[in-house]
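Take a look at the chain below and turn it around a few times. This report walks through a handful of its features, one at a time.

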Amino acid sequence: MPRSDLTRGYSDGDSLVGEIVREEGHIYSLAATNDLLYTGSDNNYIRVWKNLNEFSGFKSNSGLVKAIVISREAKVFTGHQDGKIRVWKTSSKNPRVYTRAGSLPALKDVLKSSVKPSNYVEVRRRRTALWIKHSDAVSCLSLAEDQGLLYSASWDRTVKVWRIHDLKCIESIKAHDDAVNSVTTAKSLVFTGSADGTVKVWKREIRGKRTAHSLFQTLLKQESAVTALVTSHMAVYSGSSDGAVNFWEMGDKKLLKHCEVFKKHRLAVLCIAAAGKLLFSGAADKKICVWRREGKVHTCVSVLTGHTGPVKCLAVVEPSGGEEEDGGDGRLVLYSGSLDKSVKVWRVPRH
């Protein structure tokens with residue numbers, strides 16, 4: 001491991017149980033499976049970690065890594081500042097070797113679409129671009145694997161819908177009036193949050209062989225930018241640049257009902273994650289708040305401190321062995337990535 005790397009383990013008695021520091025770049029994105037952690041940084045590297053040790057790594061040609069999602073087949077999708085989505089897979093002979101399996105959109109699809117004038121749409125400042133391509137940074141990715149779909153949100157104000165099996169763009173949604181910062185899915189619904197201060201709900205419908213999305217509900221209209229979204233057990237949460245978290249619950253008529261707004265952070269919420277009754281919010285104030293839900297009320301039960309820069313991304317996993325694996329104490333593993341160039345690993349009581 002290069003000298004610039006530092007990994008630390010801490011006693012299990014502490015909430016903080018480990019740390020990865022790598023001086024090569026700020027951490028902008030995280031994804032975790034039961035045994036692997038993926039980190040994306042502003043030097044275009046995606047690193048893969050196992051038990052706090054570097055397991056593998058791969059680099060894209062360009063574009064800060066703003067989003068990472070992992071499919072059930074262990075395909076890795078990365079969203080980049082340059083507006084591209086890249087697809088990676090492991091070698092069948094060596095799980096440490098990752099190779100690029102493609103990019104979205106594929107070059108052949110770009111060439112095929114480019115000859116038809118109707119495939120061009122107007123983007124900012126009277127520029128035109130192919131509708132199947134993002135014309136600005138990809139800010140967020142979300143998988144809907146049961147439907148075989150990948151959603152990408154972008155600063156170009158659109159959300160694009162991709163078919164996973166052939167990596168084709170099948171729809172482009174003109175979602176917002178400003179940058180789309182977050183996208184997430186739950187059943188047939190897609191949720192988007194934007195710098196225009198709104199959270200929108202889109203309904204996915206199958207029309208013959210086509211998949212189409214229509215606006216179903218606007219959940220929020222506010223001055224502050226919406227920076228993060230997560231869904232959990234029929235609930236939706238949004239984080240905002242004013243430090244607040246909003247909470248909605250699915251109602252009787254499938255419409256979502258606003259239940260609560262809660263605030264602990266002094267600066268913008270940059271990321272949120274959820275597991276069971278717990279919600280985690282990371283912010284520009286360098287702190288992580290742990291919220292516990294009881295009914296429709298959320299209480300901050302802990303504040304995790306230690307980062308020296310804004311907390312940019314969070315990922316939470318349940319230990320693969322369940323509650324028995326941690327001596328029966330039923331703790332979740334929380335990863336936090338920061339612009340201080342570190343990833344911290346926390347164990348948080350589930351109850």
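Let's start with strand 5 (residues 45–50) and strand 6 (residues 53–59), which run antiparallel and are joined by six bridges. Keep in mind that you're looking at a predicted model. If you want to find the pairing on screen, look for Ile46, which stands opposite Phe58 in strand 6.

The two strands form a hairpin with two residues between them, and Asn51 takes a positive phi near 55° there.

Now move along to strand 27 (residues 288–294). Is it out in the open or enclosed? Five of its seven residues are buried, so strand 27 is largely enclosed by the rest of the structure.

Strand 27 has a partner on the way in and another on the way out. Strand 26 (residues 278–283) pairs with strand 27 in the antiparallel sense over five bridges, and one thing to look for is Leu278, whose bridge partner in strand 27 is Arg292. These strands make a hairpin with four residues between them, and in the turn Lys286 has a positive phi of about 75°. Strand 28 (residues 297–304) also pairs with strand 27 in the antiparallel sense, over seven bridges. Here Glu294 stands opposite Val297 in strand 28. The hairpin of strand 27 and strand 28 has two residues between the strands, and Gly295 takes a positive phi near 65°.

Here's a handy bit of background: in a regular strand, the side chains alternate between the two faces of the sheet.

## The largest pocket

Next, look for the largest pocket, with a volume of about 1,600 Å³. Its lining is made up of 42 residues, and Ile68, Val69, Leu141, Leu229 and Leu314 lie nearest its centre. Which elements give two or more residues to that lining? They are strand 3 (27–32), strand 7 (65–70), strand 13 (138–144), strand 17 (180–186), strand 21 (226–232), strand 25 (269–275) and strand 29 (311–317).

What kinds of residues are these? Sorted by class, the lining has 28 nonpolar, nine polar and five charged residues.

## Cysteines without a bond

A disulfide is a covalent bond between the sulfur atoms of two cysteines. How many disulfides does this model have? The count comes to zero, going by a cut-off of 2.5 Å between the sulfur atoms.

Cys169 is in no disulfide, and the nearest cysteine sulfur, that of Cys140, is 16 Å away. With a relative accessible area of 13%, Cys169 is buried. What about Cys271? Its closest cysteine sulfur is in Cys313, 6.3 Å away, which is too far for a bond. Cys271 also counts as buried, at 6% relative accessibility.

## Two stretches from a record

In the model, residues 131–172 are 0% helix and 57% strand, with the end C-alpha atoms 7 Å apart. Residues 173–203 come out at 0% helix and 68% strand, and there the end C-alpha atoms are 12 Å apart.

## One last residue

Finally, find Thr211, which sits in strand 20 (residues 210–221). Is Thr211 buried or exposed? Its relative accessible area is 14%, so Thr211 is buried. Thr211 and Arg163 are 48 residues apart in sequence, and their C-alpha atoms are 9.9 Å apart in space.

Conventions:
Residues are numbered from 1 along each chain as its sequence is written. This is a predicted model: local features need pLDDT of at least 70, side-chain atom pairs count only at pLDDT 80 or more; totals for chains, interfaces and linings use all residues. Side-chain values use heavy atoms; hydrogens and water are left out. On a 1 Å grid over the protein atoms alone, a cavity is a set of points where a 1.4 Å probe fits but cannot get out, and a pocket is an open set with protein on both sides within 12 Å along at least five of seven lines; lining residues have an atom within 4 Å of a point. Grid points are joined across faces, edges and corners, and a volume is the space filled by probe spheres set on the points. Ala, Val, Leu, Ile, Met, Phe, Trp, Tyr, Cys and Pro count as nonpolar, Asp, Glu, Lys and Arg as charged, and the others, Gly among them, as polar. Buried means under 20% relative accessible area, exposed over 50%, partly exposed in between (1.4 Å probe, protein chains only). Two strands pair if DSSP finds at least two bridges between them.
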